[in-house]
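Let's take a friendly walk through a protein model together. Have a look at the sequence and the picture below, and then we will go through them step by step.

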Amino acid sequence: VDTSESKLLKLNMAMIDDVAKTISTFMSDYKAMDEETRPKVLFVVDSLGMLMSPTEVNQFDAGDMKGDFGRKAKALKALVTNCVNMFGSYNVGMVVTNHTYASQDMFDPDDKISGGSGFIYASSIVVAMKKLKLKEDADGNKTAQVHGIRAGCKVMKTRYSKPFEGVQVKIPYSTGMDPYSGLFDMIEAKGLLEKIGNRYKYVTLDGEEIIDFRKRWTGELLDRVMLDIPLRDEYSTSTINIEDDDAAEVADDVVDVTEE
């Protein structure tokens with residue numbers, strides 16, 4: 001995501017109605033554009049929990065804080081439902097954050113998302129995040145000092161892959177988040193790494209062996225592995241069936257495209 005000043009527009013809003021009006025106005029102008037000139041757009045709302053309904057504002061002004069009787073949950077559901085229908089097949093996406101609270105159900109200990117469940121059903125991906133202390137130095141050694149944050153991320157819902165998988169992303173105070181954080185753990189969990197002493201080995205599809213220490217598995221090494229994994233049969237999501245007399249020629253073209 002390009003967050004340069006020419007591509008990023010920040011708007012401060014407090015009302016659910018204002019957010020809905022802004023998105024609706026933008027999408028009207030977006031649909032009127034030529035298809036070739038339409039850019040990819042991502043709306044980010046931070047956060048749903050801090051948006052207010054007109055009822056809340058009126059009650060605050062009157063000094064009568066008796067609650068909105070579920071109107072906010074209905075408004076949030078309407079906001080997300082309308083956005084899903086407006087975006088349709090356009091190159092427009094939406095990311096929202098929200099607050100969670102501890103579950104009171106002993107049989108379902110996962111944190112609950114505030115604001116009702118309507119927008120959860122409309123979402124394609126829901127990720128629950130938890131903040132933990134990072135007590136590791138740059139070399140991965142355990143320390144008593146807190147060096148940053150460990151963000152525990154768990155996929156509660158997804159329409160694209162297997163849900164309920166989790167990973168921890170390390171965010172040191174001094175350097176910020178490592179873009180490769182969590183990738184090594186994911187590859188190891190898939191059984192693609194073999195531990196040899198205090199080093200780890202990965203064998204590419206070409207038969208090349210990559211062996212190195214745990215703390216060096218980042219950057220170019222992980223880039224190489226992540227390019228290799230989608231080509232493996234067990235992790236490929238696309239299938240090509242060839243059932244004609246020109247199978248050999250078509251197969252050669254497929255190989256060329258894969259290598260490219």
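This is a predicted model: local features need pLDDT of at least 70, side-chain atom pairs count only at pLDDT 80 or more; totals for chains, interfaces and linings use all residues.

## The chain as a whole

The secondary structure comes to seven helices and 10 strands. There are 260 residues in the chain, and buried residues make up 22% of them. What about contacts between parts of the chain that are separated in sequence? Taking the contacts between residues at least 6 apart in sequence, 48% join residues at least 24 apart.

Let's go inside. The largest nonpolar core has 18 residues. Ile23, Met27, Leu48, Phe87 and Val92 have the most contacts inside this core.

Apart from its neighbours within four places in sequence, methionine 27 is in contact with Met86, Phe87, Tyr90 and Val92.

## A serine inside, a valine towards the outside

Now compare two residues. Serine 47 is found in the loop between β1 and α2 (54-62). Is serine 47 buried or exposed? With a relative accessible area of 6%, serine 47 is buried, because buried means under 20%. Not counting residues up to four places away in sequence, serine 47 touches Thr97, Asn98 and His99.

Valine 95 belongs to strand β2 (residues 92-96). Its relative accessible area is 40%, so valine 95 is partly exposed; that label covers values between the 20% limit for buried and the 50% limit for exposed. On the surface, valine 95 forms a nonpolar patch with Val1, Leu42 and Val44. Together, these four residues have about 410 Å² of accessible area.

Next, find strand β8 (residues 194-196) and strand β9 (residues 199-203). These two strands pair in the antiparallel sense over three bridges. They form a hairpin with two residues between them. In the turn, glycine 197 has a positive phi of about 65 degrees.

Strand β9 also pairs with β10 (residues 209-213): five bridges join these strands, which run antiparallel. The hairpin of β9 and β10 has five residues between the strands, and glycine 207 takes a positive phi near 90 degrees there.

Which residues stand opposite tyrosine 200? Lysine 195 stands opposite tyrosine 200 in β9, and tyrosine 200 in turn stands opposite aspartate 212 in β10.

## Salt bridges

Finally, let's turn to charged side chains. The count comes to 11 salt bridges. Here are some of them, with the distance between the N and O atoms.

| Salt bridge | N to O distance |
|---|---|
| Aspartate 2 and lysine 7 | 3.6 Å |
| Aspartate 108 and lysine 112 | 2.4 Å |
| Lysine 201 and glutamate 194 | 3.5 Å |

How accessible are the residues in these pairs? Aspartate 2 is partly exposed at 43% relative accessibility, whereas lysine 7 counts as exposed at 59%. For the next pair, aspartate 108 is partly exposed at 28%, and lysine 112 is partly exposed too, with a relative accessible area of 25%.

The pair of lysine 201 and glutamate 194 gives another picture. Lysine 201 has 15% relative accessibility, so it counts as buried. Glutamate 194, at 42%, counts as partly exposed.

Salt bridges can also be linked together. Which residues are linked in a network of salt bridges? They are Glu136, Lys142 and Lys170.

Definitions and conventions. Residues are numbered from 1 along each chain as its sequence is written. Side-chain values use heavy atoms; hydrogens and water are left out. A nonpolar core is a set of buried Ala, Val, Leu, Ile, Met, Phe, Trp, Tyr and Cys residues joined through side-chain atoms within 4.5 Å. Buried means under 20% relative accessible area, exposed over 50%, partly exposed in between (1.4 Å probe, protein chains only). Contact means heavy atoms within 4.5 Å. Patches are made of residues with over 30% relative accessible area and no salt bridge: like charges are joined within 9 Å, nonpolar side chains (Val, Leu, Ile, Met, Phe, Trp, Tyr) within 5 Å. Accessible areas come from the Shrake-Rupley method with a 1.4 Å probe; for residues, only the protein chains shown count as cover. Helices (H or I, at least four residues) and strands (E, at least two) are DSSP runs, numbered from the N terminus. Two strands pair if DSSP finds at least two bridges between them.
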